[in-house]
Amino acid sequence: MSINKKISEINATIKNQLKGDQSNDISDGSHTFGDLYFHRAVLFAALLKAYPDNSWRSKVQSDGHGFPGYFLCGIQTPEGQYSYHYALGQWDLFEGVRELPESPAYDGHKPEDVTRLLSLSKEEHGEIVKLEAEE
């Protein structure tokens with residue numbers, strides 16, 4: 001059996017047999033998915049706090065809708081937005097990040113656009129676009 005077929009079968013098993021947070025306990029031998037998602041949340045929170053003028057969090061999307069039990073947080077970079085949804089239980093990790101009544105309008109970014117975050121170092125050169133101040 002090819003490695004791609006094995007991977008497809010494993011992914012199908014995870015999707016079809018595990019519910020909710022059960023996949024958080026799957027491990028590569030060093031970290032679980034739960035560990036890695038928590039690490040991502042902590043690192044993203046630290047990044048947002050390091051760039052407070054460009055960062056936000058909201059329980060409501062720009063279209064007025066939200067996802068029950070989740071919030072959205074994001075950052076404006078010189079190359080566009082980047083954002084994640086997190087469970088409300090992680091809201092306090094983002095304490096100090098500006099809370100908006102609604103998120104900025106979604107710019108269509110995708111997971112592969114995560115490299116936009118690397119453009120934040122351009123801020124030192126005055127190239128970053130900051131969020132408009134709330135009135």
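This is a predicted model: local features need pLDDT of at least 70, side-chain atom pairs count only at pLDDT 80 or more; totals for chains, interfaces and linings use all residues.
A nonpolar core is taken here as a set of buried Ala, Val, Leu, Ile, Met, Phe, Trp, Tyr and Cys residues joined through side-chain atoms within 4.5 Å, where buried means under 20% relative accessible area with a 1.4 Å probe and protein chains only. Residues are numbered from 1 along each chain as its sequence is written, and side-chain values use heavy atoms, with hydrogens and water left out.

The mean pLDDT of the chain is 88, with 90% of its residues at 70 or more. Confidence is lowest in helix H1 (residues 3-17), at a mean of 84, and highest in strand E1 (residues 55-58), at 97. Helices (H or I, at least four residues) and strands (E, at least two) are DSSP runs, numbered from the N terminus.

The largest nonpolar core holds 16 residues, and Phe44, Leu48, Cys73, Ile75, Tyr86 and Phe94 have the most contacts inside it. At least two residues each come from helix H2 (33-50), strand E2 (70-77) and strand E3 (80-87); H2 gives the most, four. Leaving aside neighbours within four places in sequence, Phe94 is in contact (heavy atoms within 4.5 Å) with residues including Ala41, Phe44, Leu48, Arg57, Cys73 and Tyr86.

What lines the largest cavity? Ser58, Lys59, Val60, Gln61, Gly66, Phe67, Tyr70, Phe71, Leu72 and His85 do. E2 supplies the largest share of this lining, three residues.

Key. Buried means under 20% relative accessible area, exposed over 50%, partly exposed in between (1.4 Å probe, protein chains only). On a 1 Å grid over the protein atoms alone, a cavity is a set of points where a 1.4 Å probe fits but cannot get out, and a pocket is an open set with protein on both sides within 12 Å along at least five of seven lines; lining residues have an atom within 4 Å of a point. pLDDT is the predictor's confidence in each residue, from 0 to 100.
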